[in-house]
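Colleague: I have this one open now. Can we go through the charges and the overall layout?

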Amino acid sequence: MKLRIPDLQSLENHLPSGTSQIIHKWIIELKVDFVISKPRKTKLGDFRPAYGSKPARITVNGNLNPYHFLLTTIHEFAHLGCYLKHGNKVLPHGKEWKTIYTKLLEKHLDQGVFPQKLEPALRKHLGRPSASSCSDPGLFRSLSHFDNEPKLFLSQVPLNSLFSLHDTAYKVLEKRRTRYLCIRLEDRKKYLVSGNAVIQRVEI
């Protein structure tokens with residue numbers, strides 16, 4: 001069984017300084033396929049347990065900034081650790097996963113690999129880990145500050161603005177708590193969209 005293991009240089013190109021060796025060690029010791037994936041719209045990373053002759057597999061989107069890449073990598077290794085300990089007997093993001101994830105993330109926080117301006121959002125996130133960094137609006141926005149290209153969130157545009165989401169045009173009508181009532185222009189159907197949705201402005 002031959003594993004797909006990125007070399008240290010490839011990992012260093014995607015991770016914060018000083019973290020590639022520990023991730024490389026995890027990959028080797030836990031015998032996991034680790035794939036730096038092309039960008040995906042529906043997920044940042046994923047974990048698949050070993051099956052038959054195939055090893056466990058972790059993928060992480062290669063377009064993430066270094067801190068988001070590390071956080072996603074920790075998230076997926078926590079799934080691997082939870083599976084090795086509990087199999088399929090626990091919930092994917094239940095207390096067992098949260099315990100492992102919190103321990104791994106705290107270790108990196110204590111080592112100072114994340115910038116100080118990101119630490120408050122990460123510490124708050126640790127109090128209630130979510131299924132994805134995208135599910136934690138404060139953390140997702142804090143992480144986006146380190147992207148090469150800044151993101152535009154739905155909550156940042158005025159009401160009645162036109163915007164594009166997943167190549168579809170909408171108009172934002174009103175705010176409802178953390179979501180916005182929007183109308184899809186092609187068929188006039190209305191949807192509630194998270195204020196944390198990453199959008200593109202549409203100019204007339």
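Modeller: First a term: buried means under 20% relative accessible area, exposed over 50%, and partly exposed in between, with a 1.4 Å probe and protein chains only. This is a predicted model, where local features need pLDDT of at least 70, side-chain atom pairs count only at pLDDT 80 or more, and totals for chains, interfaces and linings use all residues. Residues are numbered from 1 along each chain as its sequence is written, and side-chain values use heavy atoms, with hydrogens and water left out.

Colleague: Fine. Is Arg184 buried or exposed?

Modeller: Buried, because its relative accessible area is 17%.

Colleague: And what does Arg184 form a salt bridge with?

Modeller: Glu186, with the closest N and O atoms 3.7 Å apart. A salt bridge here is a side-chain nitrogen of Lys or Arg within 4 Å of a carboxyl oxygen of Asp or Glu. Glu186 counts as exposed, since its relative accessibility is 63%.

Colleague: How many salt bridges by that rule?

Modeller: Eight. One of them joins Lys151 to Asp147, at 2.2 Å between the closest N and O atoms. Lys151 is partly exposed at 32%, while Asp147 is buried at 17%.

Colleague: Which residues are linked in a network?

Modeller: Arg40, Lys43 and Asp46 are linked by salt bridges. Between Asp46 and Lys43 the closest N and O atoms are 2.9 Å apart. Asp46 is buried, with a relative accessible area of 11%, and Lys43 is partly exposed at 30%.

Colleague: Other topic. Which residues gather in the patch of positive charge on the surface?

Modeller: Lys25, Lys85, Lys103 and Lys107. Patch residues have over 30% relative accessible area and no salt bridge, and like charges are joined within 9 Å. The place of a charge is NZ of Lys, CZ of Arg, CG of Asp or CD of Glu. Lys25 is in helix H2, residues 20-29, and is partly exposed at 44%.

Colleague: What about the charges of the chain as a whole?

Modeller: There are 33 positive and 18 negative charges, and their mean positions are 6 Å apart. Lys and Arg count as positive, Asp and Glu as negative; His and the chain ends are not counted.

Colleague: Last one, the fold. How many helices and strands?

Modeller: Six helices and eight strands. Helices (H or I, at least four residues) and strands (E, at least two) are DSSP runs, numbered from the N terminus. Along the sequence the pattern reads α-α-β-β-β-α-α-α-α-β-β-β-β-β. Of the 204 residues, 44% count as buried.

Technical notes:
Patches are made of residues with over 30% relative accessible area and no salt bridge: like charges are joined within 9 Å, nonpolar side chains (Val, Leu, Ile, Met, Phe, Trp, Tyr) within 5 Å. Accessible areas come from the Shrake-Rupley method with a 1.4 Å probe; for residues, only the protein chains shown count as cover.
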